[in-house]
Amino acid sequence: MPKITEEVFYIPGQDAFMPDSHAYVLGKSTSEDLSLVDAGLLGKGSYKIQSIQKAGIELSSIKRIIMTHTHLDHIGCLAEILKQLPWAELWMHHSEADLLEQGDERGVYGMDMFRVVCQLQFGLKAGAFKFQVNRKLQGGETLELGNTVWEVIHIPGHSMGSIGLYHRPMKILIPGDVVYSDHAIGRFDLYGADASELKKSLISLAELEVDILLPGHNQIVEGLPKNYILKTAKQWEPYLK
Ligand SMILES: [Zn+2]
Ligand SMILES: [Zn+2]
């Protein structure tokens, strides 16, 4: 698992017939107070756990899992990972936390047809994604994670509770599925999505100085060109109404 900087390890998603989200481990390795950002697709839990161990990180130092959002390709293997890390807390934006606590899986599957396909494909029963959430984020918090500081930014549009994590000193942005490399953005047709909210979220991210972009899928970008997010927002503006 490549180390991006002193404060971030990268676990690339292992796409199968569906995408598997990337995961990141935040915090200085000496802190023993690490955070895993996102889990991944169903069945990818042991791959993610092994990647962490191969990097020489003690599982016991992972204290929490922070979800950028709760689509299936990010939360699918959360239960598998929590089995290995039963002490880990679960943190996410309150709007998606409230759904999961009620066992409302519309935000996980995004659309009914996809739910039916996945339940057949993976042999999932209704209620497979009911979780208790330890900390419900609002956006605007400053989190101290393993001797590093991250700002939480609520960036709805791709999903209602999407959050970005921003490390201001190193200009690192983890935007979930809101913006990717190659001027791509997250889809905005699923349950809880909203094109005009996505536009606003992109505009607010464009105000940040970002050098390292660590999205939920596809390439990560180091040395992000100046105004990259603003350009991306402008490019997509006609579709985001
Ligand atoms: Zn997503
Ligand atoms: Zn995704």
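Is Phe17 buried or exposed? Phe17 is exposed, at a relative accessible area of 55%. Bear in mind for every view here that this is a predicted model.

**View 1. Phe17 and Phe122 make a stacked aromatic pair.** Their centres sit 5.8 Å from each other, with 25 degrees between the planes. Phe17 comes from the loop between strand 2 and strand 3, while Phe122 belongs to helix 6 (residues 112-122), so this pair ties together parts 105 residues apart in sequence. As for exposure, Phe17 comes out at 55% relative accessible area, and Phe122 is partly exposed at 26%.

**View 2. Tyr10 and Tyr24 give another of the 4 aromatic pairs in the structure.** The ring centres are 5.6 Å apart and the planes meet at 20 degrees; planes under 30 degrees apart count as stacked, so Tyr10 and Tyr24 are a stacked pair. Tyr10 is part of strand 2 (residues 8-11) and Tyr24 is part of strand 3 (residues 23-26), so to speak a link between distant parts of the chain, 14 residues apart. Both tyrosines, Tyr10 and Tyr24, are buried.

**View 3. Strand 4 (residues 34-37) pairs with strand 3 and with strand 5 (residues 62-66).** With strand 3, the pairing is antiparallel and has 3 bridges. With strand 5, strand 4 runs parallel, and 4 bridges join the two.

**View 4. The side chains of strand 4 point in two directions.** Leu34 and Leu36 go one way, and Ser35 and Val37 go the other. Whichever way they point, all of them are buried.

**View 5. Strand 4, helix 1 and strand 5 form a β-α-β unit.** Helix 1 covers residues 45-54, and the unit is right-handed. The strands of this unit, strand 4 and strand 5, are the parallel pair from View 4.

Definitions and conventions. Residues numbered from 1 in each chain as written. Chains lettered and ligands numbered in written order. Predicted model: local features only at pLDDT ≥ 70, side-chain atom pairs only at ≥ 80, totals over all residues. Heavy atoms only, no water. Phe/Tyr/Trp six-rings, centres within 6.5 Å; stacked < 30°, edge-to-face > 60°. Buried < 20%, exposed > 50% of the residue type's maximum accessible area, 1.4 Å probe, protein only. Pairing = 2+ DSSP bridges. Right-handed = clockwise from strand over helix to strand, strands pointing away.
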